[in-house]
Amino acid sequence: MIHEKNKKLLKVYIHTFGCQMNEADSELIAASFKKRNFEITQDLKEADAAVLNTCTVRQLAEDKAISMIGRLRKWKKLKPSRKIIVAGCAVEKLGNKSILRKFPFVNLTIGAKSINKFDAALNDIIGKATKPKLLTETNLFNSPITAYITVMRGCSLKCSYCIVPSVRGEAKDIAPDKIIKEVKMKIKNGARELVLLGQTVNSYSSIYKGERINFTDLLEIISKIEGVKRIRFMSPHPLFFKESFFKLFKQNTKIARHIHLPAQSGSDRILKLMKRGYTKKRYLDIIGALRKADKDTSVSTDFIVGYPGETEKDFNETLKLAKEGKFSFAFCFKYSPRMEKDCKREDLIPKEILKKRLDILLETIKLNSKEIFNSRIGKIEEVLIEDKNYGRSSANFKVKINKLFKPGELQKARIVKNEKNTLHGKAVI
Ligand code: SAH
Ligand code: SF4
Ligand code: F3S
């Protein structure tokens, strides 16, 4: 016992590439380390173990992860007892063997589909857990008041450009009881805002108390849990919006007034080639319905430029949507070939044109976004305080208020100015 107490606390450095789903997985990874007497460090130099949780959604994401594994070679040489673990989507794509062959100093590889086996895998290279699990699973990487909750894993759609279904597997919804338990635990640990995660999060469907429930039902159930002040979710897909959702959205203001709804393209021809299953009109109808339910709803999106065969006309349709959508921001990506079968070489858009289109789109988004930010001046935003006078509004704007509050408090503020994409407001009593 005395020996246990005096045992030196070890440190693990965890680097997450890619999306929130990977970040949520990194929390599970961190929990497994905490159970084994490790604490989390942001400083690689002082770490005894390093975990890279990798992404492969675009070539660049994969390249970054791979080059970081390479850089760990020296780090391990300095102290050979150090452990290196490579996890996530790039492991799933490239294969365990190929990573271990290329980087023989890596101690463990574990793909995104096997994250549930992570804890057991650690037994072999780190040792058995010494602490119970419940105490250690907490909101580790986010603001302490925000918690990620994975409600579905994988994806069963087959967007032509996308590697996610092949590295994360078919969609699998997590049982409501398990979700509720996790929510309660994270609320107990201080969370006030939840982000429900899934690649097509609004396709959620499961059985609760003997009955089938959908995503709207899940939102309603979660919003009633004590201590939940706000719910966000990522990413909904245009295919799965139902009337019942818009109704709940209107009446239940715990559901954040912000939706991240990836559009990918504004050209119906390209959307069809991408196998997205909706048209630009349907997309605009959905965000129209959200803004009808609450006119101050903010919308953000993702765009891919230069999908194989994209013409100037197609691209101009995307530019048009970028304006019509009134997006508060948008992540814009150059098309990156992932599946060989997907791209005929002759249809690939030349690099210079990709760059030109990306630059034009980014500029359009920037101008529009500035307008959207400025349009909040004079409005009242409901801010969930993260630290002192700072927090995020329901519509997902960063807001600074003229007074100090406690983290986790909800406070209304009237916006007086927009400074570098942070809104400044006066507390409304
Ligand atoms: N499930 C979400 C998106 C997940 S991937 C949805 O369906 O909307 C996150 C984003 O990466 C996508 O929205 C897309 O814009 C981008 N992306 C995915 N594959 C890509 C590729 N091959 N090239 C460029 N961008 C890509
Ligand atoms: Fe990829 Fe499409 Fe699934 Fe999103 S919905 S993860 S883009 S296949
Ligand atoms: Fe996410 Fe990248 Fe995997 S975007 S699902 S971490 S491929």
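Q: How many helices and strands are there in the chain?
A: The chain of this predicted model contains 14 helices and 20 strands.

Q: And which domains is the chain divided into?
A: There is domain 1 (2-125), then domain 2 (146-371), and then domain 3 (380-427).

Q: How far apart do the C-alpha centres of domain 2 and domain 3 lie?
A: Those two centres are separated by 25 Å. In the contact, domain 2 takes part with 11 residues and domain 3 with 6 residues.

Q: What classes of residue are on the domain 2 side that touches domain 3?
A: That side of domain 2 has 6 charged, 4 polar and 1 nonpolar residues.

Q: Let us turn to the overall shape. What does the chain span along its principal axes?
A: The C-alpha trace spans about 65 × 60 × 50 Å.

Q: Why does the radius of gyration of the chain agree with a compact globule?
A: A compact globule of 429 residues would have a radius of gyration near 22 Å, and the chain has 23 Å, so the values agree.

Q: What share of the contacts joins residues 24 or more positions apart?
A: Such pairs account for 72% of the contacts in the chain with a separation of 6 or more.

Q: Now the interior. What percentage of the residues is buried?
A: Buried residues make up 40% of the 429 residues.

Q: How many residues are in the largest nonpolar core?
A: That core has 102 residues, and among those with the most contacts inside it are Val51, Val86, Ile149 and Leu194. Its largest share, 5 residues, comes from α2.

Q: Which residues does Leu194 touch?
A: Leaving aside residues up to four places away in sequence, Leu194 touches Ala147, Ile149, Val183, Ile222, Val228 and Ile231.

Q: On to the ligands. Which residues surround ligand 2?
A: The shell consists of Cys155, Leu157, Cys159, Cys162, Val164, Pro165, Gln199, Thr200 and His237. By class, 6 are nonpolar and 3 polar, with no charged residues.

Q: How many residues surround ligand 3, and which are the closest?
A: Ligand 3 is surrounded by 13 residues, the closest being Gly18, Cys19, Cys55, Val57 and Cys89. The shell has 8 nonpolar, 4 polar and 1 charged residues.

Q: Which helix gives the largest share of that shell around ligand 3?
A: The largest share, 3 residues, comes from α7. Both α2 (20-34) and α7 (164-168) supply at least two residues each.

Q: Where does ligand 3 lie relative to the domains?
A: Ligand 3 lies between domain 1 (2-125) and domain 2 (146-371), because both of them give residues to its shell.

How values were computed
Residues are numbered from 1 along each chain as its sequence is written. Chains are lettered from A and ligands numbered from 1 in the order in which they are written. This is a predicted model: local features need pLDDT of at least 70, side-chain atom pairs count only at pLDDT 80 or more; totals for chains, interfaces and linings use all residues. A residue is near a molecule or strand if its C-beta atom, placed from the backbone, lies within 6 Å of it. Helices (H or I, at least four residues) and strands (E, at least two) are DSSP runs, numbered from the N terminus. Ala, Val, Leu, Ile, Met, Phe, Trp, Tyr, Cys and Pro count as nonpolar, Asp, Glu, Lys and Arg as charged, and the others, Gly among them, as polar. Domain bounds come from an automatic or database domain assignment. A nonpolar core is a set of buried Ala, Val, Leu, Ile, Met, Phe, Trp, Tyr and Cys residues joined through C-beta atoms within 7 Å. A residue is buried if 20 or more other C-beta atoms lie within 10 Å of its own, exposed if 12 or fewer, and partly exposed in between; C-beta atoms are placed from the backbone. Two residues are in contact if their C-beta atoms, placed from the backbone, lie within 7 Å. The radius of gyration is taken over C-alpha atoms; the globule rule is 2.2 Å times the number of residues to the power 0.38.
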